[in-house]
Amino acid sequence: MDIISLLRINGPMLSSKIKENLMKDGCTDEVARQRISRIAKQTKKLSINFFPKRNSFLYLDGQENTSQYFENLIKALKETNSVHYYAIVALAAWGGKVSIEKFKVLSGAPQHVRNIRILIICCLN
């Protein structure tokens, strides 16, 4: 299956998941990585990278700001054990609105507040 079809069927996803799917279809690791890098002009990626190991969150035109986009983004943050996932969960538990000082405590990551605020702004826009 090609990458565009994979994104149409499954929605936005991490580049590592795309690579896994390509390898299941018989591609080698290197061929899968090359295909992902070549498809960049036909896909979009989250402008700020919150994921480890140079992972990118890729999606197609028209998928941005959809419920599937946000569901898959949250799922990707959880799967990669991102501190941003836990910050979003804490924020949701408090009804989605807290002071920045309270958010620093809830997120458990005061040193990352700047990046977390950027993520929340990206999610809300």
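Asn-81 sits in the loop between H4 and helix H5 (83–93), where helices (H or I, at least four residues) and strands (E, at least two) are DSSP runs numbered from the N terminus. This is a predicted model, in which local features need pLDDT of at least 70, side-chain atom pairs count only at pLDDT 80 or more, and totals for chains, interfaces and linings use all residues. Residues are numbered from 1 along each chain as its sequence is written, and side-chain values use heavy atoms, with hydrogens and water left out.

**Positive phi**

- Most residues other than glycine have a negative phi.
- Asn-81 has a phi near 55°, a positive value in a residue other than glycine.
- Asn-81 counts as exposed at 53% relative accessibility; exposed means over 50% relative accessible area, buried under 20%, and partly exposed in between (1.4 Å probe, protein chains only).
- Lys-53 also has a positive phi, near 55°, and is a residue other than glycine.
- The position of Lys-53 is the loop between S2 and S3, and Lys-53 counts as exposed at 80% relative accessibility.

**Salt bridges**

- There are five salt bridges, each defined as a side-chain nitrogen of Lys or Arg within 4 Å of a carboxyl oxygen of Asp or Glu.
- One of them joins the side chains of Lys-17 and Glu-79, at 3.9 Å from N to O.
- Lys-17 belongs to helix H2 (residues 15–24) and Glu-79 to helix H4 (residues 67–79), so this pair ties together parts that are 62 residues apart in sequence.
- Both ends of that pair are partly exposed: Lys-17 has a relative accessible area of 29%, and Glu-79 has 44%.
- Lys-44 forms a salt bridge with Glu-64, with the closest N and O atoms 4.0 Å apart.
- Lys-44 is in strand S2 (residues 44–45) and Glu-64 is in the loop between strand S3 (57–59) and H4, so the pair ties together parts that are 20 residues apart in sequence.
- Lys-44 is partly exposed at 34% relative accessibility, as is Glu-64 at 37%.
- Salt bridges that share partners join Lys-19, Asp-29 and Arg-33 into one network.
- Asp-29 and Arg-33 both lie in helix H3 (residues 29–38), four residues apart, or about one turn of the helix.
- Asp-29 is partly exposed, with a relative accessible area of 29%, and Arg-33 is partly exposed at 44% relative accessibility.

**Packing of H2 with H3**

- Two packed helices are described by the angle between their axes and the distance between the axes.
- H2 and H3 pack at about 130°, with their axes 9 Å apart; axes are lines fitted to C-alpha atoms, for helices over the stretch in contact, and angles run from 0 to 180 degrees between N-to-C directions.
- H2 and H3 are therefore oblique to each other, given that angles under 35 degrees count as roughly parallel, over 145 as roughly antiparallel, 65 to 115 as roughly perpendicular and the rest as oblique.
- On the H2 side, Ser-15, Ile-18, Lys-19, Leu-22 and Met-23 meet Asp-29, Ala-32, Arg-33, Arg-35 and Ile-36 of H3, where contact means heavy atoms within 4.5 Å.
- The residues of this contact divide into five nonpolar, one polar and four charged; Ala, Val, Leu, Ile, Met, Phe, Trp, Tyr, Cys and Pro count as nonpolar, Asp, Glu, Lys and Arg as charged, and the others, Gly among them, as polar.
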